[in-house]
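Good morning. Please look at the model on the screen, and I will go through a few parts of it.

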There are 2 protein chains.
Amino acid sequence: MKKLSYQEITALRLSKEEMKQTERFPIYTLLDNIRSLHNVGSIFRTADGVRLQELFLTGITGYPPRPEIEKTALGATETVPWTFHEDPVAVLQDLKKKNVRIVVLEHTSHSIPFNKLSPEYPVCLVVGNEVFGVQDKIVEMADVAVDIPMYGTKQSLNVTIAYGVVIYDILFKYLRLSDR
Amino acid sequence: MKKLSYQEITALRLSKEEMKQTERFPIYTLLDNIRSLHNVGSIFRTADGVRLQELFLTGITGYPPRPEIEKTALGATETVPWTFHEDPVAVLQDLKKKNVRIVVLEHTSHSIPFNKLSPEYPVCLVVGNEVFGVQDKIVEMADVAVDIPMYGTKQSLNVTIAYGVVIYDILFKYLRLSDR
């Protein structure tokens, strides 16, 4: 067993040009008032990894170009389609009209563990502010809320890690359904 | 569907005292030369969430008490058992003697996608340096290497996110096996 070199790994990935020609998965993400630009960049990097359809940055969430975003996005702001919108509600209303299911990552009275979710696609995962979570008015618009089972003492994971855990689960379920 | 308050969520979690009395899952983690103290703290927080058996900090990896670790650990350094060791090889040799399986998160000639892994327990997940990954000599000691399928242009995820994605998968597989 031998580690792959940087060049060997790069050869396994899509180039920016190839990425533009490649069909994306029917998975969206909406960031609701993410405070930290480093977190935004980090989510861009993960969103590249799951070949996200589109990333909606809303409310106080910062958007490119910002050096703090680039520091953690490592170029993914150029490979993930994104748009900025002050009002997340309008974005979600539009998605619902297009039959996109809305999943919020939030502790609610009716949240189910993310691993028990059987998402319908297309789907949009909403993650919220580092301290306050997803806004009430967005929770009310959701088709379903999921949370991450926590077996220790802490309330929750860091938002970028929680996002990674759940979006990969949503992606793998899609790939299984679509038999890829 | 109503968001839970901070107090309502806290009531669902273990207290520090309860955590001390609670049996931990047979899942370990070894950090091999993690450079960023923020990343170390962030991994502590996730390790609390999966009720990790023990976190081994090795090589140049920083260890508590450090304010930069606390900033992201948010107290999890007090709820996750941890030890520091200069030499990761000695730790892994000891774990192997105790029949702990060694899984490295690394791009190798023989890596399998993490979601295809059927881990045997107890298990230790090894994650490596942000730039250089897991050291060759550790890769050679591993029972198996896993990687995270990347569908975009980037080589890999941020190490703390990669850790979260894989450790939750390892945990859920354990919970299913043990029928909890």
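Strand S1 (residues 27-32) of chain A pairs with strand S2 (residues 54-58) of chain A in the parallel sense, over 5 bridges. Two strands pair if DSSP finds at least two bridges between them. Strands are DSSP runs of E with at least two residues, helices are runs of H or I with at least four, and both are numbered from the N terminus. Leu31(A) stands opposite Leu57(A) in S2(A). Of the 5 residues in S2(A), 4 are buried, meaning that 20 or more other C-beta atoms, placed from the backbone, lie within 10 Å of a residue's own.

A word on the source: this is a predicted model, where local features need pLDDT of at least 70 and side-chain atom pairs count only at pLDDT 80 or more, while totals for chains, interfaces and linings use all residues. Residues are numbered from 1 along each chain as its sequence is written, and chains are lettered from A and ligands numbered from 1 in the order in which they are written.

Next, two helices. The axes of H3(A) (residues 37-49) and H7(A) (residues 159-177) come within 9 Å and cross at roughly 15°. Axes are lines fitted to C-alpha atoms, for helices over the stretch in contact, with angles from 0 to 180 degrees between N-to-C directions. H3(A) is therefore roughly parallel to H7(A), a label for angles under 35 degrees.

Last, the two chains. In chain B, 48 residues are in contact with 47 residues of chain A; contact means C-beta atoms, placed from the backbone, within 7 Å. H7(B) gives the most to that side of chain B, with 6 residues.

Terms used:
Angles under 35 degrees count as roughly parallel, over 145 as roughly antiparallel, 65 to 115 as roughly perpendicular and the rest as oblique. A residue is buried if 20 or more other C-beta atoms lie within 10 Å of its own, exposed if 12 or fewer, and partly exposed in between; C-beta atoms are placed from the backbone. Two residues are in contact if their C-beta atoms, placed from the backbone, lie within 7 Å.
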